[in-house]
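Try each task before reading its solution.

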Amino acid sequence: LQQQLQQRLAMEERTINFLQSHQWPRNLARSLINDNKQIWKRFFIIDDSGSMNLNDGTRLVGKQAISCSRWAEQKEAISFHGELAYQSLSPCDFIFLNQPQPINIGTVDDGGLSLNILKGILSGSPNGGTPLCTHVTRVANEIRQMEPVLQQMRQKAIVMIFTDGQPSDGNVANALKLLEHLSCWVVIRLCTNEENVVNYYGDVDKNLELKLD
């Protein structure tokens, strides 16, 4: 037990150091560590379709906002979450719409192997369609299988969707409806300024009984 406690404290300090390197206050980093105990797994569903090459994104360099591609804006956020998953050993599945297999980071300490695979994919260029519904459905089925355990352990899953458009394989509202009444929290991060896409997802939010931001 003493060894396990030391390992846990070392991991927490490693996580705090990483977050502080990104200008997080120590108390905020500690709050994230405490919240992690209530999270079973995070699912990142990542749009790598060809339209992510469009240049209406924005990223911060210091305190200055500069224009960039949607992919570059998204890549910065995904890189942070991947590194955080590795440093804190927080289980995460990174699911690219046009990649055959998800990348799991944080379940075991693999010396950064899975993190390097993630970075390799992010260094490439997006290409393909937007089969978002297929991946949301798969994630919903995985959470449903774990639902009795999640309720018993008072834990939840987080599903974070990065996308710039409507799915090419159906109505995303029908797919997200499979997550209703499950132990999960859904975040949709839109990587676009297109008004029709923003309105589409706004309408989706109105018609779901789901914890969705």
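Helices (H or I, at least four residues) and strands (E, at least two) are DSSP runs, numbered from the N terminus. The expected span of a helix is 1.5 Å times one less than its number of residues. This is a predicted model, where local features need pLDDT of at least 70 and side-chain atom pairs pLDDT 80 or more, while totals for chains, interfaces and linings use all residues. Residues are numbered from 1 along each chain as its sequence is written, and side-chain values use heavy atoms, without hydrogens and water.

**Exercise 1.** Work out what span helix 7 (residues 195-206) should have.

**Exercise 2.** Find which residues of helix 7 are buried (under 20% relative accessible area; exposed is over 50%, partly exposed in between; 1.4 Å probe, protein chains only).

*Solution.* Start with the buried residues: Val197, Tyr200, Tyr201 and Val204. They cover an arc of only 85° around the axis (taken from the directions from the helix axis to the C-beta atoms), so they are on the same side of helix 7. Next, turn to the face away from the buried side of helix 7, which carries the exposed Glu195 and Lys206.

**Exercise 3.** Describe the aromatic pair of Tyr200 and Tyr201.

*Solution.* Rings of Phe, Tyr and Trp (its six-membered ring) pair if their centres lie within 6.5 Å; planes under 30 degrees apart are stacked, over 60 edge-to-face, the rest tilted. Here the centres are 5.0 Å apart and the planes at 90°, making the pair edge-to-face. Tyr200 has 17% relative accessibility, so Tyr200 counts as buried; at 6%, so does Tyr201.
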